[in-house]
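Dear colleague,

Please find below the structure for your review. The findings follow directly after it.

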Amino acid sequence: MLRIRLFSLLAGFALLPGAAQAQTTITACYVPKSGSVYRIKVEGTPTKCAQNHVEFSWDAGGTAPAPVYFPTTYANAFVVPPGETAELKMSCPSSQALVLGGYIKHGPDAQLVDILANSPDGSADTWIFRAHNYGAEQSQIGTFIRCFVLLAGS
C-alpha cells in the first residue's frame with residue numbers, strides 16, 4: 001500500500017506544470033519516520049532536505065526512476081541463561097529485503113558468551129542469532145536487523 005501511494009505521489013510530481021517540466025531532474029526528500037515525500041530545489045521549495053531526511057532524484061524525461069532504497073532497523077533482545085544456548089530469529093516484513101544483522105552482549109559475564117550464529121538462516125528474509133553462555137550469570141543479547149524498502153524503480 002505504501003509503495004502504491006508513494007509511486008502515485010512520485011508520478012504526480014512528474015506531471016506538475018511549469019518548473020517541473022522545465023527541468024530534467026526532479027529532486028525530492030523522503031521522511032523515514034512518516035513515509036512522506038516532498039520536493040526540493042525548485043522555486044518555492046527548500047534547497048536541501050531537512051536533517052535525517054533522505055534526498056533522491058530521477059529524470060523527468062520519461063525514464064523510470066532509479067531504484068531508491070530506504071533502510072529500516074528493527075531491534076530485539078533475548079536472554080541466555082548460564083550454561084545454556086539460546087537463539088532468536090528476526091525477519092523483515094514481506095515488503096522489505098533483509099540486508100544485515102548485528103548484536104551487542106550485556107551482563108556481568110558478557111565476555112563468557114560465545115556468539116554461535118549471527119547470519120541469515122538460509123532464507124531470504126530471516127536472520128538468526130544464537131549464543132552460548134559459559135558464565136555463571138544470565139546475559140542479554142541485544143539484536144538488530146536492517147531491512148530495505150524499494151520505493152521507486154521497482
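Cysteine 29 and cysteine 49 are both buried, where buried means under 20% relative accessible area, exposed over 50% and partly exposed in between (1.4 Å probe, protein chains only). Please note that this is a predicted model, in which local features need pLDDT of at least 70 and side-chain atom pairs count only at pLDDT 80 or more, while totals for chains, interfaces and linings use all residues. Residues are numbered from 1 along each chain as its sequence is written, and side-chain values use heavy atoms, with hydrogens and water left out.

A search of the whole structure gives two disulfides, each being a pair of cysteine sulfur atoms within 2.5 Å. Cysteine 29 is bonded to cysteine 49, with the sulfur atoms 1.9 Å apart. The torsion about their S-S bond is about -95°, so this disulfide is left-handed.

The other links cysteine 92 to cysteine 147, with an S to S distance of 1.9 Å. Its torsion is about -85°, so the disulfide is left-handed. Cysteine 92 lies in the loop between β5 and β6 (97-106) and cysteine 147 in strand β9 (residues 139-152), 55 residues apart; strands are DSSP runs (E, at least two residues), numbered from the N terminus. Cysteine 92 is buried, at 5% relative accessible area, and cysteine 147 is buried at 0%.

Regarding the sheet, three strands form an open, antiparallel arrangement in the order β5-β8-β7, where strands pair if DSSP finds at least two bridges between them. The edge strands are β5 (85-91) and β7 (113-120). Seven bridges join β7 to β8 (residues 126-133), and valine 113 has asparagine 133 in β8 as its bridge partner.

Kind regards

Methods. Helices (H or I, at least four residues) and strands (E, at least two) are DSSP runs, numbered from the N terminus.
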